[in-house]
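Please read the following note alongside the sequence and the structure. The points are numbered so that each may be checked in turn.

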Amino acid sequence: MNLAVRDIRHNAGRFLLTCLGVGLLLMMVMGMGGIYRGIVEDATLLVDRIGADVWVVQRDTRGPFAEQSRVAPSLRDRVATVPGVTAAREFLFHTIQRERRGAPLRLAVVGLSWPDDRGAWGPLLAGRHLAQGHYELIADRSLGLELGEALHLGRETYRVVGITSGMVASGGDGVAFVTVGDARAIQLDLAAEAVRAERAARVARAARDELPAQAPALLERASAPAGELPAVEGRTLTAVLATVSPGRTAAAVRTIASWGDVSAFDAEGQRALLLGGSVAKVRLQIGLFRTLLTVIATIVMALILYTLTLDKLHSIALLKLIGAPNRVILGLILEQALLIGAAGYAVAYAAGSWLFPRFPRRVILAGDDLAQLALIVLAISLVASLLGIAKALRVAPAEALA
Amino acid sequence: MSGRAPAALEAEALTRVYGEGETRVVAMRDVSLRVAAGEVVALLGPSGSGKSTFLTTVGLINPPTAGRVAIGGVRVLDGPRALTDLRAFRRRQLGFVFQKSNLIPFLTARENVQVALELDGTSGRRARAAAHALLEELGVGDRAEHLPAELSGGQQQRVAVARAIANRPALILADEPTAALDGPRGRQVMELFRRIARERGAAAVVVTHDHRALDVFDRTYEMEDGALRPASPPPAPEPGPSPSLTPA
């Protein structure tokens, strides 16, 4: 006969409430792990999905995600000449915040190297990949944009032609894929008056020089659009991505790094940059918080089990009086602890599975983390029952006569 | 110990002293009692006379300061020293019934009996059947699946008796088992002890204040100031119907 189950049956309401309380506490522990896993996944998602073997960024920076990076568009042609490199792509990344229907809309804008890269590596939920060099956009579902929706960014209008899922940047913002040209236009989204003022300043500077007097055409050229003036044009990329023949990545990285004006990382190096920076601090913070919650859960469970044991002291004394060995008493408390732990874990999983997808950032309940938490709950249950067991073993059979 | 046939209970020169110096209290002094198998013995005496001390001592709950105890021919206590695993011995050789029924509140009547059987190694299915049969025998079979809180005082006490005798103990110890019952029901319980002692060959020592049912017992003792002495012979039983085991 299982005494633990019989006792629970007799106090079903209290047991259910206890499990609910413990479960919600464990859900917090589970959520902490899930938040960390989500941050790691978000941070490395683009690096993992984009399929680049080598990331070429501005010299001595940790770009393009860990910090800002600026490289010239011509870098793509240089990278393409490196032995072993089979393809080189432009890459532009920046984050913007606009308003949509009265609410803030944060977009992590990723510029793809049109026409080589149309975003085909991103999983589509609906719509299609980019089919033209301008004014099309693939949006992550988390942005809340609708397929076919027209989005005004700066002076241009972009139409949502595809919806992806789970594509977010390291900051948790949903990604909007456009071509590099459009990404740059969005980034340098200057108002007409700002453009006019900048041109006027340029002409004024040129007029003060002697050179325009000797070559008047230069003054005329100074008022042309910036894009037509190589000396002042601001066309930059954040990185160039290279695809390399198998086994030649390390050599390509060494070659590119030797140029002196850029730094090069393989995909693993790029992941390490992301995880070793801000994510490492988040990991530590969440780890400490998770440990704290685990300790609190243990204390709460111990107090609950101790109280449950106190309620049963007379029955325990009676069991000892009629000759129950200590293992029966121990089993009664231990089994209840494990049942509360198991039921609490189930509550935590069920509640978390329902609640976490509604969180603003991703909370990933990974199999390894769930298994680890199951072991933690087992340990918590065992440790928490010690107080109750110690009390129960001290009860004298004579107390049944009191 | 004597050289006669093994008794169900043989207590010899039991003394129990609490405290030291000025707080020293002798709760039981030089008490000896031999109870044969099948015998039912009543223990009378005012509160604080040492009855419960004697019962808990021979019940292997409260060790004596001096004296010896043998149960079913097995020496178990020599002074405060245990000569065997007392808890296991209690499980197999002793049955307890108390003033309050002392049933485990979260177990049904049947489970309260079944747990005693299972603790002694009877398998779950056999223990369940045996517990049910025992409750039927004691007239509470129809209440087997009810919790103690759903039973009357008399029914609870019958279930407690069923638990006490479940493992066929050599000795049943009862501490005022009829205190919470009215006269007729109290007598029914006392007669139950006698019947069980006769049919199962167990001895019973019953502490009681109920003088109306003393005729049920083979012998009656009185305790006063921790000393035990034979009481006056019980009055002859009045003619009447034979003992009834109908449910209370």
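1. A:Asp7 counts as buried, because its relative accessible area is 5%. The term buried means under 20% relative accessible area, exposed means over 50%, and partly exposed lies in between (1.4 Å probe, protein chains only). A:Lys312, at 4% relative accessibility, is buried as well.

2. The model is predicted: local features need pLDDT of at least 70, side-chain atom pairs count only at pLDDT 80 or more, and totals for chains, interfaces and linings use all residues. Residues are numbered from 1 along each chain as its sequence is written, chains are lettered from A and ligands numbered from 1 in the order in which they are written, and side-chain values use heavy atoms, with hydrogens and water left out.

3. Which residue forms a salt bridge with A:Asp7? The partner is A:Lys312, and the closest N and O atoms are 3.0 Å apart. A:Lys312 lies in the loop between H10 and helix H11 (313-321) of chain A, while A:Asp7 lies in helix H1 (residues 3-10) of chain A, so the pair ties together parts that are 305 residues apart in sequence. A salt bridge is a side-chain nitrogen of Lys or Arg within 4 Å of a carboxyl oxygen of Asp or Glu. Helices (H or I, at least four residues) and strands (E, at least two) are DSSP runs, numbered from the N terminus. Over all chains, the count comes to 32 salt bridges.

4. The domain assignment divides chain A into domain 1 (3-42 + 279-401) and domain 2 (50-277); such bounds come from an automatic or database domain assignment. The centres of domain 1 and domain 2 of chain A, taken over C-alpha atoms, are separated by 51 Å. In domain 1 of chain A, 7 residues are in contact with 10 residues of domain 2 of chain A, where contact means heavy atoms within 4.5 Å.

5. How much area do domain 1 and domain 2 of chain A bury between them? The value is about 640 Å², with 52% of it on carbon and sulfur atoms. In domain 1 of chain A, the residues that lose the most area to domain 2 of chain A are A:Asp42, A:Val279 and A:Arg361, together 59% of what that side buries. Buried area is the accessible area (1.4 Å probe) that two parts lose on being put together, summed over both. Across this interface of domain 1 and domain 2 of chain A, the rule finds 0 salt bridges.

6. Chain A and chain B bury about 2,200 Å² between them, of which carbon and sulfur atoms give 66%. A:Met1, A:Leu321 and A:Ile322 supply 29% of the area that chain A buries against chain B, more than any other three residues. The contact takes 24 residues from chain A and 22 residues from chain B. Between the two chains the count is 2 salt bridges; a salt bridge also joins the side chains of A:Arg9 and B:Glu111 (3.0 Å, N to O).

7. Chain B has 6 helices and 11 strands. Of its 248 residues, 55% count as buried. Among contacts in chain B between residues at least 6 apart in sequence, 70% join residues at least 24 apart.

8. Within chain B, the side chains of B:Glu145 and B:Arg110 meet in a salt bridge (3.0 Å, N to O). The pair links distant parts of the chain, 35 residues apart: B:Glu145 is in the loop between helix H4 (124-137) and helix H5 (153-165) of chain B, and B:Arg110 is in helix H3 (residues 109-119) of chain B. Are these two residues buried or partly exposed? B:Glu145 counts as partly exposed because its relative accessibility is 43%, whereas B:Arg110 is buried, with a relative accessible area of 3%.

9. A:Gly34 lies in helix H2 (residues 12-50) of chain A. At 1% relative accessibility, A:Gly34 counts as buried. Not counting residues up to four places away in sequence, A:Gly34 touches A:Arg362, A:Val363 and A:Ile364. The C-alpha atoms of A:Gly34 and A:His134, 100 residues apart along the chain, are separated by 38 Å.
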